[in-house]
Amino acid sequence: MPLANSIMLKRKKNFIKIVVTVLALFSAPVLFAQDNSPYSQYGLGDVVPNTNIVTRGMGGISAGYSDFLSINFNNPASYSAFLTILEPRTGKPVSGRVLLDVGLNIENRTLRSPNQVAKFSSSNALFSYVQVGIPLRKNWGLSFGLKPLSRISYKIQQSTRTAIDSVLTENNGEGGSYLPSIGTGFRVGDLSIGANIGYLFGRRENNVKVGFANDSVTYYNGGRTTSSSFGDLFFNAGAQYKIDLSKKTLVRLGVSGNLKQSLKGTQDFKEQTFISDGNGTEVQLDSVSERKNVSGEVIYPASATFGFVLEHGQEPGEQSWLLGADFVYNKWEDYRFFGATDRVKNNWQIRAGGQYRPKPARAYLSNVAYRAGFSTGADYITAGGNLPAWSASAGFGLPIANYNRLSPNQYSIINLSFEYNQRGNDKNPLKENVFRISVGLSFSDLWFTKRKYD
């Protein structure tokens, strides 16, 4: 008995060490970056991929997806699928499979104007999410974690000529929004429902600088900085309904989303004059005006996702496949940033994809999950006209062999997805292409095991 307790304690300590290490690695939202996305100056910025890496390889479907080896945090109703093992005679829970899922994005972004040879490219490694899933009882699970929602990173310079001088204007900004949350989902019969509660917070800093270039006269440069921060409680919910079509085939209908919500915030304003010392260092001369802690609010729009998943083959050791599709609608016309509207509009997106698992065998490739998908729709930004958007993706689920004899029930997967995204076309002043590689690490093990000795 002491040996069993020692093994369980060691496993739990190892799991906790992994969680702490992952949180430390991803405490900084950007691991390395040299980015410039002009469209991110509008709305809340560039909306980052909002699904886990498993479904990202399938076009981003999420409404009807449910799996006990991954965490579908887009629809909390799926938490009811976390695996709980029951004692055969009594039906009481004897153990549960706890999940740790973390993700990282590696992106290459290319900006190009129509009919222009010149282009701008940048590469980044960005934190995607960290999530923990815990089965509480049969058909009842809990999940908590952290994920980014949007990112702001742009720097735009423009030179114009007046009657006597050249004027250089620079606009730059940075920031983003994030959502730590906790949620639960449970199933009654064929119906699963769930909800998340979190704290949506973010910041945004905008700088505008204007300078004059003259060979004989020295001008003071002018600048204006607006720093905004916001945050408040945030809720979303979802439901899934399973319909058995045959002994091995089912369809799962799903819906998830959130209502329009108000986030409290404050802004700081500063206008100043400055000069450059010639080495790129700015020296402030005078603060023309300054205001701090101006209260306001950010209106985050309502969103809804409807979809289904058709699955065949659920038993271990057999061939399986699934196909799914989602329709996503976001009501961005309700968006307000401290009372101001922006160049945004309501947008929609269709996502579709699937997964295939061969019948497991000794060959490693027969144990890999193969995924593919696509999406099409319109971006929510309207700067430069309507921005058509589409993407294509492929992914793999690569199991990792377990050589730990003390923890024979550990199961680990590396999930990979490869995405190509395009925003805008030759009718827009700027076309943006993003190639993204996403890497997800999913660790799981049986916890809460009740051991008996004869």
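A patch here takes residues with over 30% relative accessible area and no salt bridge, joining nonpolar side chains (Val, Leu, Ile, Met, Phe, Trp, Tyr) within 5 Å and like charges within 9 Å. A salt bridge needs a side-chain nitrogen of Lys or Arg within 4 Å of a carboxyl oxygen of Asp or Glu. Areas are Shrake-Rupley with a 1.4 Å probe, and for residues only the protein chains shown count as cover.

The model is predicted: local features need pLDDT of at least 70, side-chain atom pairs 80 or more, while totals for chains, interfaces and linings use all residues. Numbering starts from 1 along each chain as its sequence is written, and side-chain values use heavy atoms, without hydrogens and water.

L136, W140, F186, V188, L191, I193, Y241, I243, L245, L253 and F308 make a nonpolar patch of about 950 Å². Strands 7 (166–188), 8 (191–213) and 9 (221–244) each give two or more residues to this patch; strands are DSSP runs of E, at least two residues, numbered from the N terminus.

Now the rings. Pairs have centres within 6.5 Å; planes under 30 degrees apart are stacked, over 60 edge-to-face, the rest tilted, with the six-membered ring used for Trp. The whole structure has 13 such pairs. In one, W390 and Y420 are tilted, with centres 5.6 Å apart and planes at 50°. W390 is in strand 18 (residues 388–400) and Y420 in strand 19 (residues 411–423), so this pair ties together parts 30 residues apart in sequence. Elsewhere, F234, Y300, W332, Y335 and Y380 form one aromatic cluster.

Technical notes:
Helices (H or I, at least four residues) and strands (E, at least two) are DSSP runs, numbered from the N terminus.
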